[in-house]
Amino acid sequence: MRSVFTEDADLYDRCRPGYPAQLFDVLTAAVGEGARVLEIGCGTGQATVPLAARGFAVTALEPGEELAGVARHRLADYVSARVVVAAFEEWPLPPVKFELVVAATSFHRLDPAVRMIKAADALRPRGALAVVSTHHVAGGSDEFFAQAQQCYERFVPNAEPGRRLPVTDEIPKDPEEFHRSARFSPPEFHRYEWEARYTTDQYLGLLMTYSGHRAMPHSALDQLLECIGQRIDADHDGVITKRYLTQLALAKRLG
């Protein structure tokens, strides 16, 4: 499913949410300004630009050529940042290790048999691995999202009936993979809740950056988007609010 992200790089860049500034403050405090950073799956640079702006020397890996091209354009003013078209699992690690490895909304798409081991191998001793995940949680325009669930149940055959949005406390803080790897200290978890407002067109554009939506049959997808768009326009005056939880798991390499 990774390949679907690169089908419309400009849409991805316009619509995908970024990350709270406090997250990058935590990373700076953890490894210091000017540190060497490896970013895995940079997309169009939603996390790369803030990293570069804080003075990190960033090597950003992105397997999609179109996404990487947009990221390079956005990073043109940062001489300390470079974008490499490569998948992390296949990219040969350089001899000089990194102080920080960052995976912002990308770690779950990496090979589970490789990701922890290779991330540790990329780091100097006591270097840090930062795994960032983004979650849609209860809050914002709750009435709309209940209506949208009805659209999914109508047009998506495998939609979970009655699915509801989790509250923040239901999103797990799961250190198990860090422990199981035996390569990292117990992770620290940092959480940031925030909201974003979307017009109808903006929200439908956001949905079209999700791999599950892009993989749907065109006829069903068109009906789903029409149903959701009608609910935003008719019942919410063309604007809805989505509540996000951004979670940072930060762990030090052992040895």
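Start with the whole chain: of the contacts (heavy atoms within 4.5 Å) in the protein with a separation of 6 or more, 76% are between residues 24 or more positions apart. This is a predicted model, in which local features need pLDDT of at least 70 and side-chain atom pairs count only at pLDDT 80 or more, while totals for chains, interfaces and linings use all residues. Residues are numbered from 1 along each chain as its sequence is written, and side-chain values use heavy atoms, with hydrogens and water left out.

Switch to a cartoon view. The protein has ten helices and seven strands (DSSP runs numbered from the N terminus, helices being H or I of at least four residues and strands E of at least two). Show the C-alpha atoms next: they fill a box of roughly 55 × 35 × 30 Å along the principal axes. Colour by accessibility, and 52% of the 255 residues count as buried (under 20% relative accessible area, 1.4 Å probe, protein chains only).

Now select residues 200–207, helix α8, and residues 218–235, helix α10. The two pack at an angle of about 150° with their axes 10 Å apart (axes are lines fitted to C-alpha atoms over the stretch in contact, and angles run from 0 to 180 degrees between N-to-C directions). That makes α8 roughly antiparallel to α10 (an angle over 145 degrees).

Finally, show side chains at this contact. From α8, pick Thr200, Tyr203, Leu204 and Leu207; they meet Leu225, Ile228, Gly229, Ile232 and Asp233 in α10. The residues of this contact divide into six nonpolar, two polar and one charged (Gly counts as polar, Tyr as nonpolar and Asp as charged).

How values were computed:
Parallel < 35°, antiparallel > 145°, perpendicular 65-115°, else oblique. Buried < 20%, exposed > 50% of the residue type's maximum accessible area, 1.4 Å probe, protein only.
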